[in-house]
Amino acid sequence: MAGQTDHALRGNYEHIRTDYTVDQDWAAYSADEHNLWKRLYARQSTLLPRYACDEFLDSLATLNFSAGIPKFAEINPKLKAATNWQIVAVPGLLPDDIFFDHLAHRRFPVTVWLRNPAEFDYIVEPDIFHDFFGHVPLLFDKTFADYLEAYGKGGVKAKGLDALNYLARLYWYTVEFGLIETSKGLRTYGAGILSSGGELPYCIESTKPNRIRFDLLRVMQSKYKIDTFQETYFVIKNFKELFDATAPDFTPYYAELRNRPELSANTILPIDSLVVV
Ligand code: PHE
Ligand code: FE
């Protein structure tokens, strides 16, 4: 995940470079940490075949990092060959402009520390399991990878237009919590869901949340909750729809959004096209 937090950041920011990257120091992970990774990986793996999109599943199967905390240096040559992206190690959450600059240059920041065992089911801040397991597999998909680069460039621009709150909602409802229609039914491509034991079944099977067909401006109007399962998910048809819908210059969209009301996370509008499970 990316974004602002109001509590002290958890990572060690003492040794950051100017772009906030650090060395991964893989040798420093303990046996307990590798074990916790394996348990997290095993739990998610049993759930994924029913709930994750094929692009994610295929990539995960090829990479297979079930054995312990992965070495970024081992993944990077494969990622470079697939989509020309790279993973960079960071201590945790980043300032917006630094984060956007990495994405705009096809570098995905991954947090180096792993959660505590007590946080097996739930963690407030993104750790290496969320960042790596949730995000990295889809960086191998060409269209999704292009979308993320475009998003980074859009972030730089949105900052200048004072429109970051709108753009952050797009990231939230797509990259973190997006659903996708597939020939096997509704699936997820959102990293916030893919790295969560509880939200994977909930987002697909629960009758509680709203599932609304993706509409770019509607998404950017919609506030979100960060401390509960989502009340609304937006559903895309495929990654090309996402890429194409976000390709135009957003400057007029931001102007239009300032004339529209903000919507709470549980709103359903008459214009919404609902996806029923
Ligand atoms: N096209 C958007 C703009 O001009 C940039 C963007 C691309 C934003 C993809 C989000 C996702 O601002
Ligand atoms: Fe994330």
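Author: Gladly, and please keep in mind that this is a predicted model.

Reader: In which sense do S1 and S2 pair, and over how many bridges?

Author: Strand S1, which covers residues 86–90, runs alongside S2 in the parallel sense, and the two are joined over five bridges.

Reader: How many residues of strand S2 are buried?

Author: Strand S2, residues 107–111, is mostly covered, since four of its five residues are buried.

Reader: Changing topic, how many aromatic pairs does the structure hold?

Author: There are 27 aromatic pairs in the structure. One of them joins Phe-144 and Tyr-189, whose ring centres are 6.2 Å apart and whose planes stand at 75 degrees; because an angle over 60 counts as edge-to-face, that is what this pair is called.

Reader: Where in the chain are Phe-144 and Tyr-189?

Author: They link distant parts of the chain, 45 residues apart: Phe-144 belongs to helix H6 (residues 142–160), while Tyr-189 sits in the loop between strand S4 (185–188) and helix H8 (191–194). Both Phe-144 and Tyr-189 are buried.

Reader: What about Tyr-202 and Phe-229, how is that pair arranged?

Author: That aromatic pair is tilted, with 4.9 Å from centre to centre and 45 degrees between the planes. Tyr-202 is in helix H9 (residues 199–205) and Phe-229 in the loop between helix H10 (216–221) and strand S6 (232–236), which places them 27 residues apart.

Reader: Now for the ligand, which residues surround ligand 1?

Author: Among the residues around ligand 1 are Tyr-147, Tyr-151, Lys-157, Leu-167, Thr-246, Ala-247 and Phe-250.

Reader: Which atoms of Thr-246 and Phe-250 lie by ligand 1, and at what distance?

Author: For Thr-246, a backbone N or O atom lies 2.7 Å from a nitrogen atom of ligand 1, and for Phe-250, a backbone N or O atom lies 3.1 Å from an oxygen atom of ligand 1. A polar backbone atom of Ala-247 is 3.4 Å from a nitrogen atom of ligand 1.

How values were computed: Residues numbered from 1 in each chain as written. Chains lettered and ligands numbered in written order. Predicted model: local features only at pLDDT ≥ 70, side-chain atom pairs only at ≥ 80, totals over all residues. Heavy atoms only, no water. Buried < 20%, exposed > 50% of the residue type's maximum accessible area, 1.4 Å probe, protein only. Pairing = 2+ DSSP bridges. Phe/Tyr/Trp six-rings, centres within 6.5 Å; stacked < 30°, edge-to-face > 60°. Near = heavy atom within 4 Å. Polar contact = N/O pair within 3.5 Å; in protein donor to acceptor, adjacent residues only side chain to side chain.
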